[in-house]
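This briefing presents selected features of one protein chain, grouped by topic. Please keep the sequence and the structure in view while reading.

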Amino acid sequence: MYHSVGDCSDDPYRITVSPDRLGRQLAWLRRQGLRGVSVSDLLAARARGEGRKLVGLTFDDGYVDFVDGALPLLRDHECGATVFVLPGRLDGENQWDPLGPRKRLLGRRGILTAAATQGIEIGSHGLTHVDLTKADDETLHAEVAGSRALLSELIGAPVQGFCYPYGTIDQRALDAVRNAGYAYACAIDPGPLNGPYALPRVHIGEQDTAVRLFLKYRLHRVRRRPVEEV
């Protein structure tokens, strides 16, 4: 689970990784015989029994620096990824982070650039980045189903993946995502929930050197329950 790729000097939420560090992390994956792919590609490979050497890479929030900073490195290392964007904040900023800094979000052109790149999947992060576990029914429907409709129209293809803002999830939010027609959804630590609509992830940041990556990779199966197929 990545977020922003750029300058880490002002990063109170530890959501940013520098291009240099991301390049080293992707190189480490490749040295281990692993390859980063989109979540859709990972799940399809797992269904065929071929996902052992693949790692799903995700970039939350859809920052402009995904196109400027992440895409060239992903291409260099022959990796794919899923970027979860906010169609209700096109060309906007991360107003949900009160401590800043302000970071620009992808607009229509940037999303289409990413969608046209081989191996890159566009997923929804909701409309505006709200905690779905606290949303009323109308807001929940707009954030989940409404964002899928807007994004599918924008990229000209059905959007398959959803990412819960803040990683917060409950059964009501999960049901809304499934009923909206998504094929899967990513959380962080889904707790007692499981299955393709509660996929666990591990945060990767600027401090994650090769040793830390190795430990996170090995411990992920211990810290998170294996995903149950449904």
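N94 is buried, because its relative accessible area is 1%, below the 20% limit for that class. The model in which this value was computed is a predicted one.

**N94 and its surroundings**

- N94 is placed in the loop that lies between β6 and α4.
- From this loop position, the side chain of N94 comes to 3.2 Å from the backbone oxygen of P101.
- When neighbours within four places in sequence are set aside, the contacts of N94 are Y63, P101, R102, K103 and L105.

**The chain as a whole**

- The chain contains seven helices and nine strands.
- Along the principal axes, the C-alpha atoms occupy a box of roughly 45 × 40 × 35 Å.
- Of the 230 residues in the chain, 53% are buried.
- Contacts between residues at least 6 apart in sequence include 61% that join residues at least 24 apart.

**The nonpolar cores**

- In soluble globular proteins, nonpolar side chains tend to be buried together.
- In this chain, the largest nonpolar core comprises 51 residues, and those with the most contacts inside it are L22, L57, F59, F66, L74, V144 and Y164.
- At least two residues of this core come from each of α1 (19-31), α3 (65-76), β6 (81-85), α4 (108-115), β7 (120-124), α5 (137-155) and α6 (171-179).
- Helix α3 provides the largest share of the core, namely six residues.
- Another core, of six residues, lies apart from the largest one, and V39, F84, C163 and L199 are among its members.
- V144 touches L132, F162, A176, V177, A180 and Y182, leaving aside neighbours within four places in sequence.

**F59 in strand β5**

- F59 belongs to strand β5, which covers residues 58-59.
- F59 counts as buried because its relative accessibility is 1%, under the 20% cut-off.
- Beyond residues up to four places away in sequence, F59 is in contact with Y2, H3, V5, L22, F66, A70, L74, A81, T82, V83 and F84.
- F59 and H141 are 82 residues apart along the chain, and 23 Å separates their C-alpha atoms.

**Strands β6 and β7**

- Strands β6 and β7 run parallel and are joined by five bridges.
- V85 stands opposite S124, a residue of β7.
- Together with α4, the two strands β6 and β7 form a right-handed β-α-β unit.
- Five of the five residues of β7 are buried, so the strand is largely enclosed by the rest of the structure.
- In a regular strand, side chains alternate between the two faces of the sheet.
- In β7, I120, I122 and S124 lie on one side and E121 and G123 on the other, and both faces are covered.

**W28 in helix α1**

- W28 is located in helix α1.
- With 7% relative accessibility, W28 counts as buried.
- Apart from neighbours within four places in sequence, W28 is in contact with A210, L213, F214 and Y217.
- W28 and F214 are 186 residues apart in sequence, yet their C-alpha atoms are 9.1 Å apart in space.

Key
Residues numbered from 1 in each chain as written. Predicted model: local features only at pLDDT ≥ 70, side-chain atom pairs only at ≥ 80, totals over all residues. Heavy atoms only, no water. Core = buried A, V, L, I, M, F, W, Y, C linked by side-chain atoms within 4.5 Å. Buried < 20%, exposed > 50% of the residue type's maximum accessible area, 1.4 Å probe, protein only. Helix = DSSP H or I, 4+ residues; strand = E, 2+ residues; numbered from the N terminus. Contact = heavy atoms within 4.5 Å. Pairing = 2+ DSSP bridges. Right-handed = clockwise from strand over helix to strand, strands pointing away. Polar contact = N/O pair within 3.5 Å; in protein donor to acceptor, adjacent residues only side chain to side chain.
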